[in-house]
Amino acid sequence: MSLIEDPSSRLLGALLDAAALRARVLAGNVANQNTPGYTRQVVRFEELLRSAIDSGRATEAVARTAPEVAADTATPARADGNNVNLELELSAARENRLLYEMYSAIKASRAELIRSAIESGR
């Protein structure tokens, strides 16, 4: 196993991918906020990851956990059948942006640590 492709690096990549997918899904929800009958979509990843970790699955299996896009049937709909709430979407987008920035900072920090280790070994 290489330092660059270890399970925690793959997991970090999956977290970044899930955050990017969530940003696209949230943008789609905002774009469809006035579409009659539209059901808002959500990205399920963290709860799937938590479930994989709680079940005691191997680190490799946890790192292969993939995000899922699902319809949000729990949020009440308006009279036109649309259940998008702009405040909820914008709040989720802000939270997602902070998560993406945190994951990016961790990844950059790991890359810098590896680069430093390689350079000090010369």
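The model is a predicted one, in which local features need pLDDT of at least 70 and side-chain atom pairs count only at pLDDT 80 or more, while totals for chains, interfaces and linings use all residues. Residues are numbered from 1 along each chain as its sequence is written, and side-chain values use heavy atoms, with hydrogens and water left out.

Asp 72 is placed in the loop between strand E2 (68–71) and H4; helices (H or I, at least four residues) and strands (E, at least two) are DSSP runs numbered from the N terminus. A polar atom of the Asp 72 side chain lies 3.0 Å from the backbone nitrogen of Ala 74. Not counting residues up to four places away in sequence, Asp 72 touches Thr 39, Arg 40, Val 42 and Asn 83 (heavy atoms within 4.5 Å).

## Packing of H1 and H4

Two packed helices are described by the angle between their axes and the distance between the axes. For H1 and helix H4 (residues 86–120), the angle is about 155° and the axes are 9 Å apart; axes are lines fitted to C-alpha atoms, for helices over the stretch in contact, and angles run from 0 to 180 degrees between N-to-C directions. H1 and H4 are therefore roughly antiparallel to each other, a term for angles over 145 degrees.

The residues of H1 that meet H4 include Leu 12, Ala 19, Arg 22 and Leu 26, and among those of H4 that meet H1 are Ala 92, Asn 96, Tyr 103 and Lys 107. By class, the contact of H1 with H4 has 14 nonpolar, five polar and four charged residues. Here Ala, Val, Leu, Ile, Met, Phe, Trp, Tyr, Cys and Pro count as nonpolar, Asp, Glu, Lys and Arg as charged, and the others, Gly among them, as polar.

## Residues of H1

Arg 22 lies in helix H1 (residues 7–31) and, at 13% relative accessibility, counts as buried. The side chains of Arg 22 and Glu 46 are joined by a polar contact of 2.7 Å (a pair of N or O atoms within 3.5 Å; within protein, one must be able to donate a hydrogen and the other to accept it, and residues adjacent in sequence count only if both atoms are side-chain atoms). Leaving aside neighbours within four places in sequence, Arg 22 is also in contact with Val 43, Phe 45 and Asn 96, among others.

Gly 28 also lies in helix H1 and counts as partly exposed, at 22% relative accessibility.

Terms used
Buried < 20%, exposed > 50% of the residue type's maximum accessible area, 1.4 Å probe, protein only. Parallel < 35°, antiparallel > 145°, perpendicular 65-115°, else oblique.
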